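Here is a short note for a colleague opening this model for the first time. Please keep the structure in view while reading.

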Amino acid sequence: MQDPVLAVKGLHVNFVDRHFGSISAVKDISFELGRGQSLAIVGESGSGKSVTSLAIMGLLPPNAEVKASQLSLCGQDLRTLSNHELQKLRGHKMAMIFQEPMSSLNPLVPVGEQIVEVLRLHLPLRQKAAREKTLHLIDQVGLPTPNLYYRRYPHELSGGQQQRIMIAMAIACEPELLIADEPTTALDVTIQRQVIDLILKLQESYRMSLLFITHDLALVADVADEVAVMYRGEMLEKRPTAQLFDHPGHAYTRGLLACRPPLDKRPRRLLTVADFMKQAASEAEHVPAIVQPPQLEPSPSSPEIILELKNLSKIYSQKASIFSAPTFFKAVDTVNLKVRRGMRLGIVGESGCGKTTLARSIIQLVKPSSGKILFKQQDITQLSSQEMAPIRRRLQYIFQNPYASLNPRFTVAEILTEPLIIHNLGQDTASRLELAAESLEKVGLRREMLHRYPHEFSGGQRQRICIARVLVLEPELIICDECVSALDVSVQAQILNLLLDIQERTGITFIFISHDLSVVKYFAEEVCVMSMGQIVEQGPADEVYARPQHAFTRRLLDAIPRGIPKGSLQPLGSFY
C-alpha cells in the first residue's frame, strides 16, 4: 500500500486504575488504510474496537496509556502532537460518527448552528458562507427542506435524522479519515440501510478512508474492503471481506457469523460464540464437532384467546404554541388483534410506527383513547390502578434498555424481591430471597450474584436480571419490547435461546416487539407488521417472509443485512 492515510502499528492501550492497577484494553494492534479504502473492525462489546478508534482520535481519558511504534495520519505522527494540535485535526483531517447521536449533539443549540461551528472552527468561512454550506450539507445527507432542519433542536429529530446530522457534521470539512463507531446500532433496518448507503455514497464522493466499527458481521458485507476481527483487545484475523465470509479462520469469527438468526432456517437454538470457542479449546481432545440443533417446532398453543384488542386507538394532541389550535396524531390507529395462549407473536415495524405505544397500552402504562383490551376476557381499559395490580402480576413487560431498567442503588436481591413485596408473595424475607435465587438460576446466573449491584454486570447479564425479575411473579404473558436490539449478536442469541427455554418449561405466551425482521422471523410463529399506527399485514412468520403482500413489508425485508459480500459464495447462516 502506497502512502496510507492511516497507519497503526503495535498499538497498546492500558487503563491505569488505583485499585486494580494497569488494565490492558488493546494489545499490539496493527493495520493500514489507504485512500478511499474501507476497513471494518468487528467484535463484541469489550473487545477493544471503540478504544482503538478513540486512541486514533486522541479522545481517551487521562488515565489511558497509549503506546505504538507507529500512529500516523497522512504521514503526520499523531504521537508527537499536543492536545491543541490534535484538536485542529479532529473534524478537519479526521472525523468520527459516534454511536449515540443524542448524546453527541448539544441539546441547547439548533443542529444547523452546531454544523456551522465545526466549519468556522476549521475553515476560513464567514457566518453567511458557513450557513450556506451547512444548508448544502443538510440537503446532501438526505434531509428535505434544509432551512427547516437548520433551526431544529436535537430532541425534535428522530434517531435516524439525528444520525444524518452527525454525518453532515463529520463530513463538513471533507476529512481524509472518517471513523464510524456503531453508527446504526438500534436503528430500524430501513433507516440502517439508508445510513449505510449514505456513508458509502459520501465516501466515494470525497474519496475518504473509512474505518467502520460494529459488532454485527452482517452489516460489513456491503461496507468494507477488509474486515478485522477483535477479541479481548487482540486482532484475531484481518482479511478481504469476501475471503473472511467464505473461509473464516478463527473459531470466534465463525461464532460471530453463526449466531445471527438465519433467514432460511429456524433451528431449535442459536449457536453462540461460546459454542465455537469451546469447540476450538477441545479440538486437541478430539471432541466431536458442533452438532447442529434440530428445527424449532411451533409451540403448542391452545385455542384459548388470552389477549384481545378491539379497535384500540391512541391519539396524542400537540400545540405549536399557546395561541395555535392543537393538532392530533394517531400513534395507534384502530388495531384489532387476538393472541392465543402459549403462542409467540411478533410485532415488527419502524420507529414511530406505534409498536411501543401499543405494547404500553396493553399493560396500561399508556391509557388508550378508545377501544377495548380484553385480558382473559376481562376488559382492563376501565380498571383503576388498584384493580389492575393483580392483573399486572400476570401481564409482565421486559424493556429495551437493561441499563436504564435497573435501579443502580439496589442490589440484585432487592431488585428481584421488590415485585414479591408489592404483590404480597412469599411468607417472609428468607422465602422471598429463595424465590429470587431460583428465578436468577432460571436465567443462567448464580445465586451468589444476588448481593451484587447492576454496574457489576455486562449488558447481557443485566437483561437476564430483567427477565428474572419478570419470571419471579410467574406471569402468563410477557411483552418483550426491543429486548435484544441493543445487545451484541452473540448475547442476542443467548437471550433468544433463554426465552425459548423458558417457554418450553412454562408455556408462557410471548409478544415480541422488534424492528429487526430477521430476529422476529426466527423467534415468532406469527408476525404482525405495523406502519403508521396500523397493522398492515399479519400471518405465519414463514408465509409473511416468503410472500409479503404489503409494500411496506417488502421494504422491511429488502433492508435486512444479508451478510453476502460481493463475490462471496457463502451467505450468513450457512453454518446450520
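How much space lies in the largest cavity? The points below start there.

1. The largest cavity holds about 240 Å³ of space. A cavity is a set of points on a 1 Å grid over the protein atoms alone where a 1.4 Å probe fits but cannot get out, and lining residues have an atom within 4 Å of a point. Of its 21 lining residues, Gln192, Asp216, Arg260, Ser485 and Asp516 are the closest to the centre. Helix H8 (189-206) and helix H17 (489-506) each supply at least two residues of this lining. Helices here are DSSP runs (H or I, at least four residues).

2. This is a predicted model: local features need pLDDT of at least 70, side-chain atom pairs count only at pLDDT 80 or more, and totals for chains, interfaces and linings use all residues. Numbering runs from 1 along each chain as its sequence is written, and side-chain values use heavy atoms, without hydrogens and water.

3. Look at Arg462 in helix H16 (residues 459-471). A polar atom of the Arg462 side chain does lie 3.1 Å from the backbone oxygen of Phe457.

4. Asn424 has a positive phi, near 55°. Asn424 sits in the loop between helix H14 (412-422) and helix H15 (429-442). Most residues other than glycine have a negative phi.

How values were computed
A polar contact is a pair of N or O atoms within 3.5 Å; within protein, one must be able to donate a hydrogen and the other to accept it, and residues adjacent in sequence count only if both atoms are side-chain atoms. On a 1 Å grid over the protein atoms alone, a cavity is a set of points where a 1.4 Å probe fits but cannot get out, and a pocket is an open set with protein on both sides within 12 Å along at least five of seven lines; lining residues have an atom within 4 Å of a point. Grid points are joined across faces, edges and corners, and a volume is the space filled by probe spheres set on the points.
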